[in-house]
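Please look over the sequence and the model shown below before reading on. The paragraphs that follow go through side-chain contacts and the elements that carry them.

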Amino acid sequence: MMIHKHDLLAIGNDRLRRLATYASVSVAVILIIAKLVAYFLTDSVAMLSSLLDSTIDLLASLVTVYGVASALRPPDHHHRFGHGKAEPLAALAQSAFIVGSSVLLGYEALSRFYHPHDIQNETLGYGIMGLAIILSVGLIEFQHYVVRRTSSMAIGADRLHYMGDVLVNIAVIIAFALHQWLGLDWFDPLFALIIAGGLTYSAYHIASHALHVLMDRELPDEDRAKIQKIVEAQSSVRGIHDMRTRSDSDRVFVEFHLELDADMTLRQAHKVGDVIMDAIRKDFPDADIMIHQDPAGLKELRLDEQIERDAQSGNHNKHS
């Protein structure tokens with residue numbers, strides 16, 4: 001069996017994606033150990049918030065490892081659509097963990113307002129935060145390269161998480177500096193509260209995106225319009241209806257009914273379908289496409305019409 005050049009490139013990309021996930025886990029573990037030591041030595045609640053954020057980073061990185069590994073597994077007898085939905089399921093668990101950590105962090109920060117503690121060993125805190133920023137920025141640059149090479153959605157999301165981690169680390173440095181220069185204890189818990197709010201907001205977006213994938217939410221309107229335009233650009237196409245789309249991890253699924261001349265042979269209809277699928281994959285390389293060819297003018301119950309009727313009925317009920 002001959003191995004084509006693009007197959008070799010695909011194998012290289014798979015290894016690159018795995019390497020990016022391992023690098024993410026390694027950085028998270030190093031930072032957790034360093035920040036745990038720094039928290040006990042500085043007694044800073046802002047440092048605690050950064051420690052919790054790194055712990056969440058580790059969980060997110062493990063989710064990415066699992067998600068990427070699942071996405072690379074081929075379909076089997078029991079999962080003919082693949083294993084992509086394992087990633088949003090894990091992301092929901094991740095978002096729940098983030099919210100729980102944020103609540104604990106918020107409680108600790110509020111208690112520090114009433115029972116303030118002096119920050120100790122600021123120099124050590126600066127050093128740990130500097131190390132965290134350097135490692136995170138290096139990882140972000142590597143992930144950026146991997147996303148550019150592979151278009152991995154999971155690694156792209158993990159990259160955004162570490163970009164947020166850099167901002168958290170900078171916030172901790174500012175809290176240390178304000179305490180050291182101005183001697184104000186309340187900056188430390190204030191920054192922790194702000195970070196807890198930011199983590200909760202991040203959890204909301206993670207859960208929202210995961211639910212959209214699990215509930216088979218349609219692709220954005222501009223993507224659907226682009227697909228329809230590609231289909232209608234073929235001269236032999238007489239119409240398109242009942243298009244359904246969804247995303248699943250790194251892939252998109254597209255299916256629609258294609259209206260063709262009634263006297264077209266099955267072989268010709270098949271050829272038109274192949275041309276359309278190749279055209280769609282130029283804009284959606286990993287698309288899983290299913291086309292049902294219909295003779296133009298055929299009267300049948302259509303999903304588009306049913307959705308429109310239900311929408312109008314819903315609007316009527318709101319106004320009645």
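Phe40 counts as exposed, with a relative accessibility of 63%, where buried means under 20% relative accessible area, exposed over 50% and partly exposed in between, computed with a 1.4 Å probe on protein chains only. The model is a predicted one, in which local features need pLDDT of at least 70 and side-chain atom pairs count only at pLDDT 80 or more, while totals for chains, interfaces and linings use all residues. Residues are numbered from 1 along each chain as its sequence is written, and side-chain values use heavy atoms, with hydrogens and water left out.

Phe81 and Phe253 form an edge-to-face pair, with 5.7 Å from centre to centre and 70° between the planes. This pair links distant parts of the chain, 172 residues apart, since Phe81 lies in the loop between α2 (45–72) and α3 (86–114) and Phe253 in strand β2; such helices (H or I, at least four residues) and strands (E, at least two) are DSSP runs numbered from the N terminus. Phe81 is exposed, with a relative accessible area of 53%, whereas Phe253 is buried at 7%.

Both of these rings also meet Arg246. The charged end of Arg246 sits over the ring of Phe81, 5.0 Å from its centre, and Arg246 lies over the face of Phe253 as well, at 4.1 Å from the ring centre; a charge sits over a ring if NZ of Lys or CZ of Arg is within 6 Å of the ring centre and within 35 degrees of the ring normal. Arg246 itself is buried, at 14% relative accessibility.

What does the side chain of Arg246 meet in a salt bridge? The partner is Asp216, at 3.7 Å from N to O, a salt bridge being a side-chain nitrogen of Lys or Arg within 4 Å of a carboxyl oxygen of Asp or Glu. Arg246 lies in strand β1 (residues 239–248) and Asp216 in the loop between α6 (187–214) and α7 (221–232), so the pair ties together parts that are 30 residues apart in sequence. Asp216 is partly exposed, at 35% relative accessibility.

The search of the whole structure finds five salt bridges, among them one between Arg244 and Glu255, whose closest N and O atoms are 2.8 Å apart. Here Arg244 in strand β1 is linked to Glu255 in strand β2 (residues 251–260), 11 residues apart. Arg244 is partly exposed, with a relative accessible area of 43%, and Glu255 is likewise partly exposed, at 31%. Another salt bridge joins Arg302 and Glu259 at 3.4 Å, N to O, and it links the loop between β3 (288–295) and α9 (303–319), where Arg302 lies, to Glu259 in strand β2, 43 residues apart. Arg302 is buried at 19%, and Glu259 is buried at 11%.

The strands β1 and β2 run antiparallel and are joined by eight bridges, two strands being paired if DSSP finds at least two bridges between them. Ile240 stands opposite Leu258 in β2, and β1 is mostly covered, with nine of its 10 residues buried.

Notes. Rings of Phe, Tyr and Trp (its six-membered ring) pair if their centres lie within 6.5 Å; planes under 30 degrees apart count as stacked, over 60 as edge-to-face and the rest as tilted.
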